Amino acid sequence: MADVDGQGPGSQQAASSNADSTEDYDYKRLHNFPLVKYSDMNEELRMEAMELCVTACEKHATNNELAAKMIKETMDKKFGGPWHAIVGEGYSFEITYNLKNLLYMFFAGSMAICIWKCT
C-alpha cells in the first residue's frame, strides 16, 4: 500500500533529525560568545586571555587538546609560565593557583575553558 502524501516513514525520521541539528546549531549560534563564570584576573589580562581562548576554540573546534595546548603555550610566552589550561565539556576541578591568575569561562554553549597559573 502506497502513502497518500508520497512520503514514507523514513522521511519523517529524516525531518526529525534535521530539526534536531537545526536546534543544536541555533543553540551554539546563540551562545557563541564568551561567558565568564569566574575570574580574579585584572581587566587587561582577562580580556587578552578571553580573546586567546575564543581564537583557540574556533581554530581547533574539533580537538580540545590542541586548543588547550595553544592556550597554554601562548600564555606561557606572553605572561611567563607555568600556565595550565583545560578545555572540554562535563568536567569538574579543584585547583591551587596564584591569586589574580584564574579564568573560568564558557564558549559556544557548553565548552568550558579553565586557565590558571601556579608556581
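**A buried aspartate and a covered strand**

Asp-40 sits in the loop that links strand E1 (35–39) to helix H2 (43–59); helices (H or I, at least four residues) and strands (E, at least two) are DSSP runs, numbered from the N terminus. The model is a predicted one, so local features need pLDDT of at least 70 and side-chain atom pairs count only at pLDDT 80 or more, while totals for chains, interfaces and linings use all residues. Residues are numbered from 1 along each chain as its sequence is written, and side-chain values use heavy atoms, with hydrogens and water left out.

Asp-40 is buried but makes no salt bridge. Here buried means under 20% relative accessible area, with exposed over 50% and partly exposed in between (1.4 Å probe, protein chains only). A salt bridge needs a side-chain nitrogen of Lys or Arg within 4 Å of a carboxyl oxygen of Asp or Glu, and the nearest side chain of opposite charge, Lys-100, is 6.2 Å away. For charge, Lys and Arg count as positive and Asp and Glu as negative, with His and the chain ends not counted. Leaving aside residues up to four places away in sequence, Asp-40 touches Tyr-97, Leu-99, Lys-100, Asn-101 and Leu-102 (contact means heavy atoms within 4.5 Å).

On to strand E4 (residues 111–117), where seven of seven residues are buried. Side chains in a regular strand alternate between the two faces of the sheet. In E4 both faces are covered, with Met-111, Ile-113, Ile-115 and Lys-117 on one side and Ala-112, Cys-114 and Trp-116 on the other. Strand E2 (residues 83–88) runs antiparallel to E4 and is joined to it by six bridges; strands pair if DSSP finds at least two bridges between them. Gly-88 has Ala-112 as its bridge partner in E4. Strand E3 (residues 102–107) also pairs with E4 in the antiparallel sense, over six bridges, and Tyr-104 stands opposite Cys-114. Three residues separate the strands in the E3–E4 hairpin, where Ala-108 takes a positive phi near 55°.

As for cysteines, the whole structure has zero disulfides, a disulfide being a pair of cysteine sulfur atoms within 2.5 Å. Cys-53 is buried, at 0% relative accessibility, and its sulfur is too far for a bond because the closest cysteine sulfur, in Cys-57, is 6.5 Å away.

Overall, the protein has three helices and four strands, in the order α-β-α-α-β-β-β.
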